[in-house]
Amino acid sequence: MENVEKYFDLVDQHQQKFIETLREVVAIPSVSGDVTKRAEVVRMGEWVQARWEALGATCKRVDPGKQTVDGATIDLPPVILGQYGNDANKKTVLVYGHYDVQPALLEDGWETDPFTLVEKEDGRLVGRGSTDDKGPILGWLLCAETHKEAGIDFPVNLKFCFEGMEESGSEGLDAIIVAEADKWFSGTDVVCISDNYWLGKNKPCLTHGLRGVSYFHLQVEGPGADLHSGVFGGTVHEPMVDLVHLLAKLVDNKGRIQVPGIYDQVMAVTDDEEKTYEGLEFSHAALATDLKNDVIIHADERDTLKHRWRYPTLSIHGVEGAFYASGDKTVIPAKVRGKFSLRTVPNMEPAKVAELVTKYLNDEFAKLGSKNKMTVIETHGGRWWYSSPKHPNFVAGARATEKVYGVKPDLTREGGSIPVTLTFEENLNVNVLLLPMGAADDGAHSINEKIDKRNYIQGIKVMGAYLHEIAQTDLTAV
């Protein structure tokens, strides 16, 4: 692995140059959720394409279509597809990332201008998009550029898919992946995504599972208009009373879902899975500090992780149509809509989840004897994703991570969802590895988002080492 060590040395020499490159892209306010910034999102995509083409990559700009916002129709940002290298004797790795970011304003509480990368004395590189996801997508580019500068043969063919709408629902992306599965993406051996985070702050990890999400609206409607509580209280069936009763029936205060049959589809815990919880960088003390209060349900740390990663959960998010402003208002709302979601896990099927939830709520509503009308509406049913950490793609990722950090990475799952993971796996029929660069405290989507200099520089090394490991790995040994 002489070439890998040579690559590492050059990465170390270029640390400040790499930080300046990150500073350059952080300065582009590519906020996909703000239509006034749409031109900046496009500019960021064009920056990515131009830089790769300057390196010698072949790129294809795909326009996902149009988007209607507040009555106006505008173009969606381009998806940048690319290929660097086309050697039939090499394996082909597809990497995904996104070049758009969340909104950020100085007055939100940022210590500094969010679109000016600031290097702090403690090693934090603070700026919007530094960790989510501009640092990681730069990592792949800088990895390729460094190999070329060092005269090291690039170990694989690298394909990439970088989008500009991830923070706004990845509108149009799935259709492009489906359409290009047997075209641009043809010949892909494995996929690698760097768009999530370590479990803790010090120890790297590989992620092999994500929960799905099924989102529901629970609507209760009664009178034709809002009513005065002094006149009609106690004389009519109040929609809010029915709604609160039904929401309270969904989950208890220990997090146990009350819907009959909901746990029947959940995959049993195996001995191999139990071993993955050993030695993880996780503690209740650290979690309580992050929460700024100890409101943790479970006494055992392993149980906390299981309920975050591998058991279904139900959360109640809010009520639409009810009075919520400051002050007092004695109104009986005529129609209210509660919103809740279930995070689903292997082997739960969204259709079955919706069936069980709807039946349970209909049964509970019938018990109330109310004259109001109740409707259950499923607005989203995204599936979970799970991969074996023993797959050769993960083995390569683990070896690369250990080579850089000197420790075996934690094998983790996450409670959230990255839908594109499943889209790639199902349409390309290849294994997908989640290889995070940032740490748990990076504050993606929050004020003072950062990536630590250590994670950024070492992460670029991991990416290079991973590609070299893939080149030498038998991907058929599953």
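The lining of the largest cavity has eight nonpolar, three polar and no charged residues. (Ala, Val, Leu, Ile, Met, Phe, Trp, Tyr, Cys and Pro count as nonpolar, Asp, Glu, Lys and Arg as charged, and the others, Gly among them, as polar.) This is a predicted model: local features need pLDDT of at least 70, side-chain atom pairs count only at pLDDT 80 or more, and totals for chains, interfaces and linings use all residues. Residues are numbered from 1 along each chain as its sequence is written, and side-chain values use heavy atoms, with hydrogens and water left out.

**How the spaces are found**

- Rolling a probe the size of a water molecule over the atoms shows where empty space is left.
- The search uses a 1 Å grid over the protein atoms alone. A cavity is a set of points where a 1.4 Å probe fits but cannot get out. A pocket is an open set with protein on both sides within 12 Å along at least five of seven lines. Lining residues have an atom within 4 Å of a point.
- Grid points are joined across faces, edges and corners, and a volume is the space filled by probe spheres set on the points.
- Helices (H or I, at least four residues) and strands (E, at least two) are DSSP runs, numbered from the N terminus.

**The largest cavity**

- The whole structure holds two cavities of 30 Å³ or more.
- The largest cavity has a volume of about 80 Å³.
- Its lining includes Ser194, Trp198, Pro204, Thr401 and Tyr405. Leu435, Pro436, Met437, Gly459, Val462 and Met463 also line the largest cavity.
- Which helices each supply at least two residues of this lining? They are H12 (392-405) and H14 (453-472).
- H14 provides the largest share, three residues.

**The second largest cavity**

- The second largest cavity holds about 50 Å³ of space.
- Val25, Met44, Trp47, Val48 and Trp52 are among its lining residues. Ile137, Leu138, Leu141 and Phe162 line this cavity too.
- Helix H3 (38-55) and helix H4 (134-150) each supply at least two residues of the lining. H3 gives the most, with four residues.
- The lining of the second largest cavity has nine nonpolar, no polar and no charged residues.

**The second largest pocket**

- About 550 Å³ of space lies in the second largest pocket.
- This pocket is lined by 25 residues. Asp272, Thr276, Pro389, Lys390 and Leu411 lie nearest its centre.
- Helix H8 (271-276), H12 and strand E18 (410-414) give two or more residues each to the lining. H12 gives the most, with five residues.
- By class, the lining of the second largest pocket divides into 10 nonpolar, four polar and 11 charged residues.

**Helix H1**

- H1 spans residues 2-13 and has 12 residues. From first C-alpha to last, H1 reaches 17 Å, close to the expected 16 Å. (The expected span is 1.5 Å times one less than the number of residues.)
- Which residues of H1 are buried? They are Val4, Tyr7, Phe8, Leu10 and Val11. They cover an arc of only 165° around the axis, so they sit on the same side of H1. (The arc is that of the directions from the helix axis to the C-beta atoms.)
- Buried means under 20% relative accessible area, exposed over 50%, and partly exposed in between (1.4 Å probe, protein chains only).
- The exposed residues Glu2 and Gln13 are on the face of H1 turned away from its buried side.
- The cover over the buried residues of H1 includes helix H2 (15-26), H4, H12 and H14.

- The peptide bond between aspartate 132 and aspartate 133 is cis, with omega about 5°. Aspartate 133 lies in the loop between strand E7 (124-126) and H4.
- Asparagine 347 lies in the loop between strand E15 (335-344) and helix H11 (350-368).
- Aspartate 70 is not glycine, yet its phi is positive, near 50°. Aspartate 70 lies in the loop between strand E2 (66-69) and strand E3 (72-75). Buried or exposed? Aspartate 70 counts as exposed because its relative accessibility is 80%.
- Lysine 292 also has a positive phi, near 65°. Lysine 292 lies in the loop between helix H9 (284-291) and helix H10 (301-309). Its relative accessible area is 75%, so lysine 292 is exposed.

Key:
Contact = heavy atoms within 4.5 Å.
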